[in-house]
Amino acid sequence: MNVKKGLLLVIFAALILSYFLFDLGQYLSLDYIKNQQASFNALYQENPALILGGFFIIYVVVTALSLPGAAIMTLAAGALFGFWVALVLVSFASSMGATLAFLASRFLFHDAVQQRFGERLKKLNDGVRKDGAFYLFTLRLVPAFPFFVINLVMGLTPIKVRTFYWVSQVGMLAGTAVYVLAGTQLGQVESASGLLSPELIGAFVLLGIFPWIAKFIMAQLQARKVYRGWQKPDHFDRNLIVIGAGSAGLVSAYIAATVKAKVTLIEKHKMGGDCLNTGCVPSKALIKSARLAWHDKEADKYGFDAIRSDFRFSNLMARVHRVIEKIEPHDSVERYSELGVDCRQGEARIVSPWEVEIRNGDNIETLTARSIIIATGARPFVPPIPGIEDMDILTSDNLWEVQEQPKRLVVLGGGPIGCELAQTFARLGSQVMQVEMLPRIMPREDDDAAALVTASLQASGVAVMTEHKAVRFAREGDDKVLYVDHNGEEKRLVFDAVLVAVGRRANTDGLGLDELNLPTNGNGTVTVNELLQSRYPNIYACGDVAGPYQFTHTAAHQAWYASVNALFGSLKRFTVDYRVIPWATFTDPEVARVGLNEQEADQQGVDYEVTRYGIDDLDRAIADSNDHGFVKVITARGSDKILGVTIVGAGAGDLIAEYVLAMKHGLGLNKILGTIHIYPTMAEANKFAAGEWKRAHKPEGVLRWVERFHNWRR
Ligand SMILES: Cc1cc2nc3c(=O)[nH]c(=O)nc-3n(C[C@H](O)[C@H](O)[C@H](O)COP(=O)(O)OP(=O)(O)OC[C@H]3O[C@@H](n4cnc5c(N)ncnc54)[C@H](O)[C@@H]3O)c2cc1C
């Protein structure tokens with residue numbers, strides 16, 4: 001911090017300190033002003049300029065220093081000077097004081113905050129640059145946030161000083177008027193009966209309902225701006241249209257039907273979406289078969305001479321489809337129709353903020369609804385690697401139709417899908433080369449977790465090729481070849497099939513978003529706010545198409561918010577809660593996570609402690625020959641508050657549930673330690689991790705006294 005900043009900080013601190021030290025707050029209380037009202041009035045009559053000027057300066061100083069008392073002073077101004085004089089006086093004084101506080105915050109903290117949190121503030125900065133005046137106007141008009149907090153926080157953003165001043169002046173005018181009006185009524189309270197005067201009651205009612213009125217006005221203003229140029233239908237066929245019958249769409253439609261709304265669910269392909277047809281279900285079914293096949297290699301470990309699991313690959317795939325068929329009824333048109341959902345087959349396109357066109361062959365139908373939910377999911381991203389167009393690439397979309405097991409399989413991508421499938425095919429006997437350009441696989445997970453999974457993939461026979469960049473594909477004679485670059489050296493990989501698993505892209509093509517001018521993010525997902533509303537407040541998005549998570553359970557979680565907000569948003573709206581989001585990768589060992597891992601805690605500058613329990617020590621794991629992996633818990637330093645957990649081991653996806661519950665409901669490690677866990681189970685690992693934490697935090701001083709006590713008793 002430079003000298004100027006230091007000096008300013010000292011001056012501010014000294015002024016604020018003296019306010020509290022000399023108890024200056026007593027002069028900014030309603031009682032004091034009321035008691036002194038007669039003498040103030042007399043002084044004001046005698047020398048109006050001096051009193052007005054003095055009041056103005058004090059008001060500016062109080063607001064510039066962010067001291068409490070601005071609201072009281074506004075009421076007092078109304079009481080002392082009358083409505084119009086007080087309104088003008090306070091309006092200018094508050095805007096100037098606010099701007100001084102804003103400038104101080106900018107001068108002292110802007111650079112440091114932007115430097116430290118710049119990356120995380122990027123979205124906020126972009127939003128403020130684009131719509132800063134509007135944001136500020138909303139904040140000023142709806143006095144839900146304290147006045148001084150807005151001044152200080154806005155100073156940290158890139159909003160222009162000029163914009164800040166005039167928006168504050170205009171935005172605060174209505175609120176100031178309400179407070180001043182209430183103040184004028186206070187001034188007339190002479191007796192107890194005066195307290196019940198209709199004017200005073202009216203002024204306070206206005207004060208109470210003002211935020212709601214302001215909020216309503218803002219919503220109307222914003223809506224008019226967004227919907228300009230569109231003709232809203234006089235009435236709607238339906239309450240809700242949901243586009244896409246994957247996890248997000250199904251749950252949205254289910255909730256709408258349950259609360260008796262008229263809802264239409266449109267699906268262009270298969271009910272159940274990716275999870276049922278090409279994602280979680282088929283992958284987990286094949287993983288199970290591969291785990292059984294892997295027992296051949298583990299016969300010795302379990303005391304067998306040999307285990308033989310002969311199989312035909314096509315039969316394994318037939319089982320995968322039988323599993324899908326068995327789950328299909330859960331997501332079927334029949335079930336949803338019975339629940340009261342109007343299910344339609346066809347490709348949907350949004351043609352206006354309230355109209356959706358459904359195209360099914362030559363049939364085109366247009367439906368209207370008060371709200372629309374986009375739940376169109378995502379598809380595998382295929383990178384534009386030269387030559388890829390000449391390969392019959394496999395992705396999670398078409399993999400499940402393969403009948404012949406590839407002998408040599410290249411898996412592009414070291415994320416969860418790539419790892420699960422690389423291990424699965426290797427365990428079924430394919431020669432798998434997994435190509436990942438980053439220094440390690442599973443880049444989002446804990447370093448130790450990634451290391452364990454890498455070792456396990458390698459033990460399963462996968463050639464894990466990190467820091468290998470796919471450069472080009474080629475057909476050379478009968479060979480299909482992938483050239484990869486590894487630290488400047490080119491390698492040639494010959495393969496029979498290539499599975500591309502390098503990420504997923506939101507499905508927004510053909511939905512009509514461009515015509516609606518409905519923005520998407522850099523990664524293609526639909527831009528939504530914390531209520532999951534798009535630019536049009538009646539159009540929502542949830543699931544993979546909205547992100548930021550791309551899991552079935554997060555799609556369902558978001559669907560609740562999207563459907564409830566879409567149907568009841570005019571009464572009550574709910575902000576989507578992303579605080580405790582768990583997920584798992586179903587490799588062997590599984591990797592499950594909730595909350596922060598160590599790397600993220602470091603990046604976010606969190607003061608944390610790590611507790612690790614090795615599952616190699618767990619009785620049940622040893623009995624099952626599953627004695628590998630760990631439970632790693634991140635807690636706030638000096639407290640048992642859980643900030644995040646990573647579990648690597650057999651059944652980690654199930655084990656993590658206990659920590660998810662604990663985090664969701666604010667239960668710390670002491671509570672987990674105090675809970676009985678059945679012996680011998682894998683779940684004991686959770687308790688033992690809590691025990692490790694307790695051991696590291698035992699009260700040494702108290703124990704020394706307890707030891708003395710026992711010595712004395714012997
Ligand atoms: C191989 C693989 C394994 C996975 N494993 C897991 C796992 O173990 N656990 C987990 O939580 N997640 C897993 N996922 C992710 C999970 O499948 C997705 O997060 C989930 O399916 C997202 O649901 P959704 O409803 O957002 O989208 P989707 O399930 O993709 O559904 C979107 C639906 O919208 C339809 N649609 C699109 N455009 C239109 C249109 N214009 N008109 C009408 N219909 C349209 C599509 O046909 C589709 O049916 C896995 C994914 C893959 C690929």
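1. Overall make-up. The protein's secondary structure comprises 27 helices and 21 strands; helices (H or I, at least four residues) and strands (E, at least two) are DSSP runs, numbered from the N terminus. This is a predicted model, in which local features need pLDDT of at least 70 and side-chain atom pairs count only at pLDDT 80 or more, while totals for chains, interfaces and linings use all residues. Residues are numbered from 1 along each chain as its sequence is written, and side-chain values use heavy atoms, with hydrogens and water left out.

2. Extent and packing. Taken along the principal axes, the C-alpha atoms of the protein fill a box of roughly 105 × 90 × 55 Å. Of its 714 residues, 48% count as buried, where buried means under 20% relative accessible area, exposed over 50%, and partly exposed in between (1.4 Å probe, protein chains only). Among contacts (heavy atoms within 4.5 Å) with a separation of 6 or more, 65% join residues 24 or more positions apart.

3. The ligand is surrounded by 38 residues, and the closest are Ala248, Glu267, Asp274, Lys284 and Asp544; a residue is near a molecule if one of its heavy atoms lies within 4 Å of it. The shell divides into 14 nonpolar, 16 polar and eight charged residues. In this scheme Ala, Val, Leu, Ile, Met, Phe, Trp, Tyr, Cys and Pro count as nonpolar, Asp, Glu, Lys and Arg as charged, and the others, Gly among them, as polar.

4. An N or O atom in the side chain of Lys284 lies 2.8 Å from an oxygen atom of the ligand. For Ser247, a polar backbone atom is 3.0 Å from a ligand oxygen, and for Phe551 a backbone N or O atom is 3.2 Å from a ligand oxygen. Of the 1000 Å² of accessible area that the ligand has on its own, the protein covers 94%; accessible areas come from the Shrake-Rupley method with a 1.4 Å probe, and for residues only the protein chains shown count as cover. Elements that give two or more residues to the shell include α12 (247-258), β2 (263-267) and α14 (280-298).

5. Helix α12. Which residues of α12 are buried? They are Ser247, Ala248, Gly249, Leu250, Ser252, Ala253, Ile255, Ala256 and Ala257, that is, nine of the 12 residues in the helix. Their cover includes β1 (238-243), β2, α13, α16 (333-339), β6 (363-374) and α20. From its first C-alpha to its last, α12 reaches 16 Å, close to the 16 Å expected at 1.5 Å a residue; the expected span is 1.5 Å times one less than the number of residues. Lys260, which follows α12, has a positive phi near 65°.

6. Asp544. This residue is placed in the loop between β16 (539-541) and α20. Asp544 counts as buried because its relative accessibility is 15%. Apart from neighbours within four places in sequence, its contacts include Arg504, Thr525, Tyr549 and Phe551.

7. Thr99, in helix α6 (residues 83-117), is buried because its relative accessible area is 9%. Not counting residues up to four places away in sequence, Thr99 touches Val161, Phe164 and Tyr165. Phe137, in helix α7 (residues 122-141), counts as partly exposed because its relative accessibility is 22%. Phe137 and Ser168 are 31 residues apart along the chain, yet their C-alpha atoms are separated by 6.9 Å. Leaving aside neighbours within four places in sequence, Phe137 is in contact with Val167, Val170, Gly171 and Met218.

Definitions and conventions: A polar contact is a pair of N or O atoms within 3.5 Å; within protein, one must be able to donate a hydrogen and the other to accept it, and residues adjacent in sequence count only if both atoms are side-chain atoms.
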